[in-house]
Amino acid sequence: MRATGTFDVVDFTAAPVPPSEIKTGLPVGFATMRKAFTGEIQGRSETLFTSAFDPASNTGTYVAMESFEGRIAGHTGTFNFVHSATTTGGGRQDESLVIVPGSGTGGLTGVRGSGGLTVDEDGTHRIWFDYELS
């Protein structure tokens, strides 16, 4: 099954990163995020967001672990999903989104699958899950 929706980032708070003895070409950052979802995917999430990113060139990669609470196509509950993507000055590439097996609760117990995220030219953030419930 596929469920689609849009989301808004309602909070993005950068957090300090402990100093590292290893110096790379891009700084590593960490932040927490909160999102609000509408559409077939309704609810909210809290996210742990890690990246190596250069804002001047819009180049880098992020990895995020997200905890979702809400409704997917009429099924209410919670689950975790992980997503990542790379940018090299333009659009997103090497994108991945996976629902964490065993993380579902309530009406989303047994949820598994994958999905994706896109950002429209007007800034609209879209998400979809290709999922199964067991």
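Buried means under 20% relative accessible area, exposed over 50% and partly exposed in between, computed with a 1.4 Å probe and protein chains only. The structure to be toured is a predicted model, in which local features need pLDDT of at least 70 and side-chain atom pairs count only at pLDDT 80 or more, while totals for chains, interfaces and linings use all residues. Residues are numbered from 1 along each chain as its sequence is written, and side-chain values use heavy atoms, with hydrogens and water left out.

**The whole chain**

Begin with the entire chain in a cartoon view. The chain has zero helices and eight strands; helices (H or I, at least four residues) and strands (E, at least two) are DSSP runs, numbered from the N terminus. The order of elements from the N terminus is β-β-β-β-β-β-β-β. With a radius of gyration of 16 Å, close to the 14 Å that the globule rule gives for 134 residues, the chain is as compact as a globular protein of that length. That radius is taken over C-alpha atoms, and the rule is 2.2 Å times the number of residues to the power 0.38. Along the principal axes, the C-alpha atoms fill a box of roughly 45 × 30 × 25 Å.

Next, display the surface. The chain exposes about 7600 Å², of which carbon and sulfur atoms supply 56%; accessible areas come from the Shrake-Rupley method with a 1.4 Å probe, and for residues only the protein chains shown count as cover. Of the 134 residues, 29% count as buried.

Colouring by charge shows 9 positive and 15 negative charges, whose mean positions are 5 Å apart. Lys and Arg count as positive and Asp and Glu as negative, without His and the chain ends; each charge is placed at NZ of Lys, CZ of Arg, CG of Asp or CD of Glu.

**The nonpolar core**

Select I41, I72, F79, F81, I127 and F129. In the largest nonpolar core, which has 22 residues, these six touch the most other members. A nonpolar core is a set of buried Ala, Val, Leu, Ile, Met, Phe, Trp, Tyr and Cys residues joined through side-chain atoms within 4.5 Å. At least two residues of this core come from each of β1 (2-15), β2 (28-39), β3 (41-54), β4 (59-72), β5 (75-88), β6 (92-99) and β8 (125-132). Strand β4 gives the most, with four residues. In soluble globular proteins, nonpolar side chains tend to be buried together.

Now centre the view on F129. Its contacts, not counting residues up to four places away in sequence, are M1, R2, A3, I41, I72, F79, F81, L97, I99, S114 and G115; contact means heavy atoms within 4.5 Å. Across the chain, among contacts between residues at least 6 apart in sequence, 46% join residues at least 24 apart.

**Along strand β5**

Select H83 in strand β5. H83 is buried, at a relative accessible area of 4%. Beyond its neighbours within four places in sequence, H83 is in contact with K35, Y62, V63, A64, E66, S96, L97 and L117. A C-alpha to C-alpha distance drawn from H83 to F129 reads 12 Å, and the two residues are 46 apart in sequence.

S84 is also found in strand β5. This serine is buried, with a relative accessible area of 17%. With neighbours within four places in sequence left aside, S84 contacts Y62, V63, D94, E95 and S96.

H75 is in strand β5 as well. At 30% relative accessibility, H75 counts as partly exposed. Its contacts, again without residues up to four places away in sequence, are G70, G107, L108, Y131 and L133. H75 and T109 lie 34 residues apart in sequence and 9.5 Å apart in space, C-alpha to C-alpha.

D94 is exposed, at 62% relative accessibility, and has a positive phi of about 50 degrees although it is not a glycine. Most residues other than glycine have a negative phi.

Then select N58, in the loop between β3 and β4. Its phi is near 55 degrees, a positive value in a residue other than glycine. N58 is partly exposed, with a relative accessible area of 31%.

G91 is exposed, with a relative accessible area of 53%. From G91 to N58 the C-alpha to C-alpha distance is 9.5 Å, across 33 residues of sequence.
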